[in-house]
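Please read the following report beside the model.

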Amino acid sequence: MAGTEGRDNPHSIHPADLADELQRLTPEEAQERLRALPKEQVAAVVQELDDELRPRLLAGLPEKELRELLEALPHNEAADVIGSLPPEQQEEVIEQLPQKDQAEVANLLQYPRDTAGGIMSDDFIALRQEQTVEECLRRLRGKAEEGPEHISYLYVTDSDCKLIGIISLRDLVFRRPERKIGELMNRDVKCVSVNDDQEKIARLFEHYHYLALPVLEQDGRLVGIVSAKAVMGVIQHEATEDMQLMVGLSGEERAYTPWQTSIRRRLPWLCVNLLTAFVAGAVVQIFESTIARWTALAVFLPIVAGQGGNAGAQTLTVIVREMALGEMTKGDGRKALIKEAILGVCNGLAIGILVGVVGYFWKGDMRLGVIVGIAMLLNMIAAALSGVFVPYTLRAFKVDPALASSIFVTTVTDVAGFFFFLGLAAIALKFFPIR
C-alpha cells in the first residue's frame, strides 16, 4: 500500500523518477501525465528529461502551457528547451516570455551547446570589493527566496562586470562584519571562457574536483558559472556518445528512441560494415581452391578472425578512452604502440600455442596446428597495432577517434586473419600436399 500511495501522490516522487516514468510512455501519454502534475513540479520534472525526449514531449503543448513552463524554468534550462524547438518557433516563443527574461534567455541561446556558454547558468551572485561582509550577508538574506539554489562561491566584479576575485560562503559567514570583501577575496581565480569545449571543462572538474567555475566573455566579463551538476551530465553524455560511436551509432540513441529514427541512424553504418565484410569475403574468395582442397580450414576461420577482433577491441577501448579524457600527450602514441605490439606478441604466442595444440588434437594434423598457431600470432599483432593506428589516423583527419573505430579495426583483423591463415595454408599445401 505504501508504494501505491507514493505513486498516487506526485509530491512524494522525486522529479528524476517522474521523468523516468514519462520517458517510458508515448509522447501523448507523457503529455497527459505532465498536465496532471502540480505546476510547481512540472518545471523540476522537465529539467530531468532526456535531451532527446524533451523536444518531442514539449512540441505538442499548447502555447500557453509552454510559456508557463518556460517561465518556471531557470534561464539556462529554458534556453535548452527553446533551443530544441524548430528555428522558426524559437523567436516566437522567446517573445512570449516576460520582458525581464527575454534578454537573458536569448543571450544564452547564442552559445553553441557543446561549449561553456552552452552549459553555463546565469544564476550566480556577484559582489563588489568595496562592500562589507555585513552588507553582503544582508543582500544574501534578501535573496533567500529567489537566489541560486546552490551557492558554493560568490564572485567579485568591478564596475564593468569583469571578474576580479572570488570568496567562499564560509569565509563570508565567519569573518567580522566590518571587513571589506576586497580584503578577503582570493584574486587567483580559476575560470573558463564561453567558447571552451565542454569536454575540456569536464576534464578540469574531474581532475581538480571543482564545485563550480566562473565563465568569462572574451573581454573578461563574468556571464555565468558552470556547476559540477552540469558537468556530470556532460561526462555521462560524452561517455555514452563515445561508446555508441565506436559501434556505428549516432551517439544520441536511447532505448525509447522511435524505431523510425533509430533505423535512419543505424542503417548507414550497417551498410559501411557490409562493405567491409565484402572486403574480408574477397580475401576468402582468393583462397577458395585452398579451402576446397583442405575443408578443415573452414572450421578455424571464424576462430582466427574472432579472436583478433576481440584483441583489437581491447586495445581500441583503452586508446579511445585515454584520448577522450585528454590523457594522451605528445609522444604517448609511440609508447602505446610499442606496448600494444609487445602485448600482441605475448598474447599471440599464448593463444597461438593453445589454438595450435587444440587444432592438432582436434584434426590430428600437425600442419594444421602449426598454421593456426602462426596465423593467430600474426593476427593478434595486427589487432594490437590497428587498435592504436585507427584512432590516431581518425584524429589526424580531424575525425572523432570514437567514430566507428571498431568497424575499421574489425575489418583489419578479419582481412589479416583470413589472409595469414589461408595464405599459410596455401603455402603448406604447395610443399606438403594432402595425400
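Thr413 counts as buried, because its relative accessibility is 0% (buried means under 20% relative accessible area, exposed over 50%, and partly exposed in between, with a 1.4 Å probe and protein chains only). The residue is located in helix α21. Setting aside residues up to four places away in sequence, Thr413 touches Ala305, Gly308, Gly309, Asn379 and Ala383, where contact means heavy atoms within 4.5 Å.

The model is a predicted one, in which local features need pLDDT of at least 70 and side-chain atom pairs count only at pLDDT 80 or more, while totals for chains, interfaces and linings use all residues. Residues are numbered from 1 along each chain as its sequence is written, and side-chain values use heavy atoms, with hydrogens and water left out.

**Overall make-up**

The protein has 21 helices and 6 strands; these are DSSP runs numbered from the N terminus, with helices being H or I of at least four residues and strands E of at least two. Of its 435 residues, 42% are buried. When contacts between residues at least 6 apart in sequence are taken, 66% of them join residues at least 24 apart.

**Helix pairs**

Axes are lines fitted to C-alpha atoms, for helices over the stretch in contact, and angles run from 0 to 180 degrees between N-to-C directions.

| Pair | Axis distance | Angle |
|---|---|---|
| α18 (residues 297-324) and α19 (residues 332-363) | within 11 Å | roughly 160 degrees |
| α18 and α21 (residues 405-431) | 8 Å | about 145 degrees |
| α19 and α20 (residues 366-396) | 7 Å | about 155 degrees |

With α19 and α20 packing at an angle of about 155 degrees, α19 is therefore roughly antiparallel to α20. By the cut-offs used, angles under 35 degrees count as roughly parallel, over 145 as roughly antiparallel, 65 to 115 as roughly perpendicular and the rest as oblique. The crossing of α19 and α20 is right-handed; a crossing is right-handed if the near helix is turned clockwise from the far one by less than a right angle, and left-handed if anticlockwise. The contact of α19 with α20 involves 20 nonpolar, 9 polar and 3 charged residues. In this division Ala, Val, Leu, Ile, Met, Phe, Trp, Tyr, Cys and Pro count as nonpolar, Asp, Glu, Lys and Arg as charged, and the others, Gly among them, as polar.

α18 and α21 also cross in a right-handed sense. On the α18 side, the residues that meet α21 include Leu297, Val304, Ala305, Gly308, Gly309 and Gly312. Their partners in α21 include Ser405, Val409, Thr413, Gly417 and Phe421. This contact of α18 with α21 holds 11 nonpolar, 7 polar and 1 charged residues.

The axes of α18 and α19 cross at roughly 160 degrees, which means that α18 is roughly antiparallel to α19. Their crossing is right-handed. Val299, Phe300, Gln307, Thr315 and Ile319 in α18 meet residues of α19, among them Ala336, Glu340, Ile351 and Trp362. By class, the residues of the contact of α18 with α19 are 6 nonpolar, 3 polar and 2 charged.

**Ile319**

Ile319, a residue of helix α18, is buried, with a relative accessible area of 3%. Apart from residues up to four places away in sequence, Ile319 touches Met328, Ala336, Gly387, Val388, Pro391 and Tyr392. Ile319 and Val390 lie 71 residues apart in sequence, and their C-alpha atoms are 9.9 Å apart in space.

**Nonpolar cores**

A nonpolar core is a set of buried Ala, Val, Leu, Ile, Met, Phe, Trp, Tyr and Cys residues joined through side-chain atoms within 4.5 Å. In soluble globular proteins, nonpolar side chains tend to be buried together. The largest core here has 45 residues, and Leu34, Val46 and Leu70 have the most contacts inside it. Leaving out neighbours within four places in sequence, Val46 is in contact with Leu34, Arg54, Leu58, Leu69, Leu73 and Val81. A second, separate core has 26 residues, including Phe287, Leu301, Ala375 and Ala425.

**Loop residues with positive phi**

Most residues other than glycine have a negative phi. Cys161 has a positive phi, near 65 degrees. This residue lies in the loop between β2 (153-157) and β3 (163-168) and is partly exposed, at 40% relative accessibility. His209 also has a positive phi, near 60 degrees. His209 is in the loop between α14 (198-208) and β5 (212-216), and with a relative accessible area of 64% His209 is exposed.
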